[in-house]
Amino acid sequence: MCVILSLYQQQKDQSMSHKIAETIQALKTLHRDGVGIVAANKKGEIYTNRAMKLSYAKTIELLEKFTALHIHLRQATSGQVSLDNVHFWRRDDWFFAHN
């Protein structure tokens, strides 16, 4: 089964960012079949990406730039290991994921 993490930070905390990045890296040992990310900041900037991997450095970069992050770590239980099966999906200004 997949893991979906939703994070919101009111203020930046470098120590907490590293703990979150370490947790995500640990979760990826089981949930290694793709990563979907939606991130937003108070300026209205939105970042989306679906990839097969998410590095520690990229996680830290996202936590430094964005206040809200939603991360889908896929563990394939059915269906192919493919970006087509990695969430998030977008329709207009809405982003969707499910587990």
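What covers the buried residues of α1? I opened the predicted model with that in mind.

**Entry 1: helix α1**

I found that the cover over the buried residues of α1 includes β1 (3-8), α2 (56-65) and β4 (68-73). The buried residues in α1 are S17, I20, A21 and I24. They lie on the same side of α1, because the arc they cover around the axis is only 100°.

I then checked the length of α1. The helix runs over residues 14-27, and its 14 residues should span 20 Å at 1.5 Å a residue; the end C-alpha atoms are 20 Å apart, so the two agree. At the start of α1 I noted a side-chain oxygen of D13 that comes to within 3.0 Å of the backbone nitrogen of S15.

**Entry 2: the chain as a whole**

I went through the secondary structure next. The chain has two helices and six strands. Read from the N terminus, the order of the elements is β-α-β-β-α-β-β-β.

For overall dimensions, I took the C-alpha trace along its principal axes, where it spans about 40 × 35 × 20 Å. A compact globule of 99 residues would have a radius of gyration near 13 Å, and the chain has 13 Å, so it agrees with that expectation.

I also looked up burial and contact range. Of the 99 residues, 36% count as buried. Taking contacts between residues at least 6 apart in sequence, I read that 69% join residues at least 24 apart.

**Entry 3: the nonpolar core**

Which residues touch the most other members of the largest nonpolar core? I get I37, L62, L69 and I71, out of 14 residues in that core. The elements giving two or more residues to this core are α1, β2 (35-40), α2 and β4.

With neighbours within four places in sequence left aside, I37 is in contact with Y47, T48, N49, L54, L62, H70, I71, H87 and F88.

**Entry 4: two loop residues**

Is H31 buried or exposed? I located H31 in the loop between α1 and β2. H31 counts as buried, because its relative accessibility is 8% and the cut-off for buried is under 20%. A polar atom of the H31 side chain lies 3.1 Å from the backbone oxygen of M1. Beyond four places in sequence, the contacts of H31 are M1, C2, V3, L73, R74 and Q75.

T67 sits in the loop between α2 and β4. I recorded a relative accessible area of 12% for T67, so this residue is buried as well. Leaving out neighbours within four places in sequence, I list its contacts as L7, Y8, Q9, K12, A40, N41 and K42.

**Entry 5: Y8**

The contact list of T67 includes Y8, so I turned to that residue, which at 54% relative accessibility counts as exposed. Y8 belongs to strand β1. Not counting residues up to four places away in sequence, Y8 touches K42, T67 and A68. K42 is also in contact with T67.

How far apart are Y8 and G44 in space, C-alpha to C-alpha? I read 14 Å, for a separation of 36 residues in sequence.

Notes
Residues numbered from 1 in each chain as written. Predicted model: local features only at pLDDT ≥ 70, side-chain atom pairs only at ≥ 80, totals over all residues. Heavy atoms only, no water. Helix = DSSP H or I, 4+ residues; strand = E, 2+ residues; numbered from the N terminus. Expected span 1.5 Å × (residues − 1). Buried < 20%, exposed > 50% of the residue type's maximum accessible area, 1.4 Å probe, protein only. Arc of directions from axis to C-beta. Contact = heavy atoms within 4.5 Å. Polar contact = N/O pair within 3.5 Å; in protein donor to acceptor, adjacent residues only side chain to side chain. Core = buried A, V, L, I, M, F, W, Y, C linked by side-chain atoms within 4.5 Å. Rg over C-alpha atoms; globule rule 2.2 N^0.38 Å.
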